[in-house]
Amino acid sequence: MALLKRKKSKTDISELNIPKHIGIIMDGNGRWAKKRHMPRSAGHNQGGKVFRKIARYCSDIGVKYLTVYAFSTENWKRPQEEIDALMKLFKEYLDEALRDFKDDSIVVRFIGDKSPFDKELQELMIENEEGSKDRDGMVLNIAMNYGSRDEIVRAVKGISENVKNGIIDIDSIDETMVSEYLYTANQPDPDLIIRPSGEYRISNFLLWQCAYSEFVIMNTLWPDFSTDDLDEAIRIFNNRNRRFGGV
């Protein structure tokens with residue numbers, strides 16, 4: 001996928017149509033570290049810094065919803081040493097977020113199954129959500145132990161249980177209802193999904209929600225991702241013709 005050449009600086013981003021909902025697959029931390037002969041944890045650490053910068057920037061330019069893929073249901077297959085380092089990093093970041101984001105308008109939400117995480121991490125997630133729920137700015141969805149297939153299975157189970165209990169009539173089930181049982185209920189589907197690192201995979205991310213999302217693949221590894229890269233992705237998005245199945 002060819003990228004458009006940059007002709008404008010990020011200061012002109014206000015001239016563009018800003019996607020209401022952006023999804024980002026934060027990929028490339030391990031490769032970034034390997035290229036520098038550093039442990040993978042160093043890549044995750046740098047990637048975390050980039051995440052905070054990009055989240056604030058999205059909020060500043062008017063993005064209403066940002067969903068970032070932080071840890072998938074498949075990531076538990078990684079070496080235990082890396083998982084332990086990631087869990088430690090998550091705790092540090094969430095502890096910092098309670099201070100760093102306290103003066104921001106960003107609403108923090110965690111999507112995914114929290115139950116496998118230890119009690120301390122779960123409590124930090126809840127504390128971040130509770131502390132930000134009354135804010136009126138951008139909604140930041142952090143996908144933790146998230147897998148879209150698992151999300152859809154949970155939605156099917158929830159609907160089936162309510163049909164069984166007579167709460168839902170089976171004939172009333174439609175796409176809107178299914179969406180209401182997903183983690184992103186009451187949120188618009190992503191307009192734009194960005195995958196840094198050059199990989200052409202969706203990796204079990206927002207499978208239902210991305211039916212008509214525009215995808216932009218970028219060769220930049222996530223720890224090197226910048227606000228200029230985000231601007232470039234939004235410019236590419238603005239040059240797409242979104243027909244939603246029409247002509």
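Tyr69, Tyr146, Tyr183 and Phe205 form one aromatic cluster in this protein. Rings of Phe, Tyr and Trp (its six-membered ring) pair if their centres lie within 6.5 Å; planes under 30 degrees apart count as stacked, over 60 as edge-to-face and the rest as tilted.

Before going on, here is some background. The model is predicted, with local features needing pLDDT of at least 70 and side-chain atom pairs counting only at pLDDT 80 or more, while totals for chains, interfaces and linings use all residues. Residues are numbered from 1 along each chain as its sequence is written, and side-chain values use heavy atoms, leaving out hydrogens and water.

**The overall fold**

The protein has 7 helices and 6 strands, where helices (H or I, at least four residues) and strands (E, at least two) are DSSP runs numbered from the N terminus. Along the sequence they follow the pattern β-α-α-β-α-β-α-β-α-α-β-β-α. The radius of gyration is 18 Å, close to the 18 Å that the globule rule gives for 247 residues, so the protein is as compact as a globular protein of that length. That radius is taken over C-alpha atoms, and the globule rule is 2.2 Å times the number of residues to the power 0.38. Among contacts (heavy atoms within 4.5 Å) between residues at least 6 apart in sequence, 78% join residues at least 24 apart.

**Inside the protein**

Buried residues make up 47% of the 247 residues; buried means under 20% relative accessible area, exposed over 50%, and partly exposed in between (1.4 Å probe, protein chains only). In soluble globular proteins, nonpolar side chains tend to be buried together. A nonpolar core is a set of buried Ala, Val, Leu, Ile, Met, Phe, Trp, Tyr and Cys residues joined through side-chain atoms within 4.5 Å.

Which residues have the most contacts inside the largest nonpolar core? They are Ile24, Leu66, Leu140, Met144 and Ile194, in a core of 43 residues. Helix α2 (residues 40-61) gives the most to this core, with 7 residues. Apart from it lies another core, of 9 residues, with Tyr69, Ile111, Tyr146 and Leu206 among them. Not counting residues up to four places away in sequence, the neighbours that Ile24 touches include Ile54, Leu66, Tyr69, Ile194 and Trp222.

**Aromatic pairs**

There are 9 aromatic pairs by the ring rule. The rings of Trp76 and Phe117 have their centres 5.7 Å apart and their planes at 40 degrees, so this pair is tilted. Trp76 lies in the loop between β2 (65-72) and α3 (80-100), and Phe117 in the loop between β3 (107-111) and α4 (119-132), so the pair ties together parts that are 41 residues apart in sequence. Phe117 is buried, with a relative accessible area of 4%. For Trp222 and Phe225, the ring centres are 5.1 Å apart and the planes at 25 degrees, so that pair is stacked. Both Trp222 and Phe225 are buried.

| Residue | Relative accessibility | Class |
|---|---|---|
| Trp76 | Trp76: 29% | partly exposed |
| Val156 | Val156: 48% | partly exposed |
| Asn186 | Asn186: 74% | exposed |
| Asn204 | Asn204: 13% | buried |

Val156 lies in helix α5 (residues 148-164). Asn186 is found in the loop between α6 (175-180) and β5 (192-195), and has a positive phi of about 70 degrees although it is not a glycine. Asn204 lies in the loop between β5 and β6 (214-217); Asn204 has a positive phi of about 65 degrees, and it is not a glycine either.
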